[in-house]
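Here's a quick tour of the packing, the ring pairs and the charged pairs in one model. Have the coordinates open while you read.

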Amino acid sequence: MACQNNLVVKQIIDLYSKISNLESLKPSKNVDTLFGQLVCTCLPTDTDIDVTKIDDEKVKDMRSHLIKLCGEAEGYLEQHFSTIIGSFEDNPLNHLHMFPYYNNYLKLSKLEFDLLGQHTSHVPTKIAFIGSGPMPLTSIVLAKFHLPNTTIHNFDIDSQANTLASNLVSRDPDLSKRMIFNTTDVLNAKEGLDQYDVVFLAALVGMDKESKVKVIEHLEKYMAPGAVLMLRSAHGLRAFLYPIVDSCDLKGFEVLTIYHPSDDVVNSVVIARKLGGSSEARSSQTGRCVVMPCNCSKMHAIMNNRGMMKNMIDEFSAIE
């Protein structure tokens, strides 16, 4: 590992030490400053650091704990702003811009919508979002700006989160009818998962490899054949903030695209389709990772037309 890269990891370790010693991760000037510095440190993509190849046990343990701290802080942040925005007497959706990362969600949701459109032949009528949280911005942005006729079922294990989220859309005459909130552990959601054309899995559902794979295996078991699974992952230094989803974590699915943004959108996007049919079923039973042939030229043209030439696209060929 190059000296410069060592320095970056040391900066992350230093920030982790400060964050882990905070009395509370709820929004405050100090908390916001430290997490802002952490995100800025992890954003650069011009690095050869691969966190999956770090063999230092202390660094690996630090990363695992840091992801959990980030998830906890993100939950507090969403809860805080959902409460504030939901308190407005008029339509709370008119005040979403108050959320500090609203513009990032606009970019990420648009990216996900564009990528989804390259792998579906029809507009989805029903979508499930697993791990929607108290501030379900992806669902709101998709329903409001991209999928005006789609019903979105939001699943979260936290009833308080669903109460706050539901309050955000309750005074909107359109979204209040198309946004449905379910309080349940995704691993208990079985019947009905096969009714969705697309299932989104939030980045913080499954905070480590074992639990993330367990959720994916559950979805593979109960989703409809041919349905699309959209997941959020991380790449490079950003994997200190969010868990990584590897292609071979997706047994029973064919991986269509793995997309790594290089701007201030932190999460990578993974798109996969549940296998179906005799030949696909055989591939699933053997546990082989099935990946779509590369279509990089088409994807580069699409991104170029949308003014996103700086983004990096990884699409894989079935070579193993």
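Buried means under 20% relative accessible area, exposed means over 50%, and partly exposed is what falls in between. With that in hand, E57 at 48% relative accessibility counts as partly exposed. Bear in mind that this is a predicted model.

**Salt bridges**

E57 has a partner: K60 forms a salt bridge with it, and the closest N and O atoms are 3.0 Å apart. Both residues sit in helix α3 (residues 57-86), 3 residues apart, or about one turn of the helix. K60 is partly exposed too, at 36% relative accessibility.

Helix α1 (residues 3-20) holds K18 and D14, which are 4 residues apart and so separated by about one helical turn. These two also form a salt bridge. K18 is partly exposed at 42% relative accessibility, and D14 is partly exposed at 40%.

R273 and E254 make another salt bridge. This pair links distant parts of the chain, with R273 in strand β7 (residues 268-274) and E254 in strand β6 (residues 253-260), 19 residues apart. E254 counts as buried, at 10% relative accessibility. Elsewhere, salt bridges with shared partners join K209, D246 and D249 into one network. The whole structure has 9 salt bridges; here are some of them:

| Salt bridge | Closest N and O atoms |
|---|---|
| K18 with D14 | 3.5 Å |
| K60 with E57 | 3.0 Å |
| R273 with E254 | 3.4 Å |

**Nonpolar cores**

Which residues touch the most other members of the largest nonpolar core? They are L201, L219, L229 and L250, in a core of 63 residues. Helix α4 (residues 102-117) gives the most to this core, with 6 residues. Leaving out residues up to four places away in sequence, L201 touches I130, K212, V215, I216, L219, L229, M230, L231 and R232. Another core, of 31 residues, lies apart from that one and includes V8, L25, L237 and L241.

**Aromatic rings**

The count of aromatic pairs comes to 5. F129 and F200 are stacked, at 5.7 Å centre to centre with 20° between the planes. F129 lies in strand β1 (residues 126-130) and F200 in strand β4 (residues 198-201), so the pair ties together parts 71 residues apart in sequence. Both F129 and F200 are buried.

F155 and Y196 go edge-to-face instead, at 6.2 Å centre to centre and 90° between the planes. F155 is in strand β2 (residues 151-156) and Y196 in the loop between β3 (179-183) and β4, 41 residues apart. F155 and Y196 are both buried. Finally, F81, F99, Y101 and Y105 form one aromatic cluster.

Conventions: Residues are numbered from 1 along each chain as its sequence is written. This is a predicted model: local features need pLDDT of at least 70, side-chain atom pairs count only at pLDDT 80 or more; totals for chains, interfaces and linings use all residues. Side-chain values use heavy atoms; hydrogens and water are left out. A nonpolar core is a set of buried Ala, Val, Leu, Ile, Met, Phe, Trp, Tyr and Cys residues joined through side-chain atoms within 4.5 Å. Buried means under 20% relative accessible area, exposed over 50%, partly exposed in between (1.4 Å probe, protein chains only). Helices (H or I, at least four residues) and strands (E, at least two) are DSSP runs, numbered from the N terminus. Contact means heavy atoms within 4.5 Å. Rings of Phe, Tyr and Trp (its six-membered ring) pair if their centres lie within 6.5 Å; planes under 30 degrees apart count as stacked, over 60 as edge-to-face and the rest as tilted. A salt bridge is a side-chain nitrogen of Lys or Arg within 4 Å of a carboxyl oxygen of Asp or Glu.
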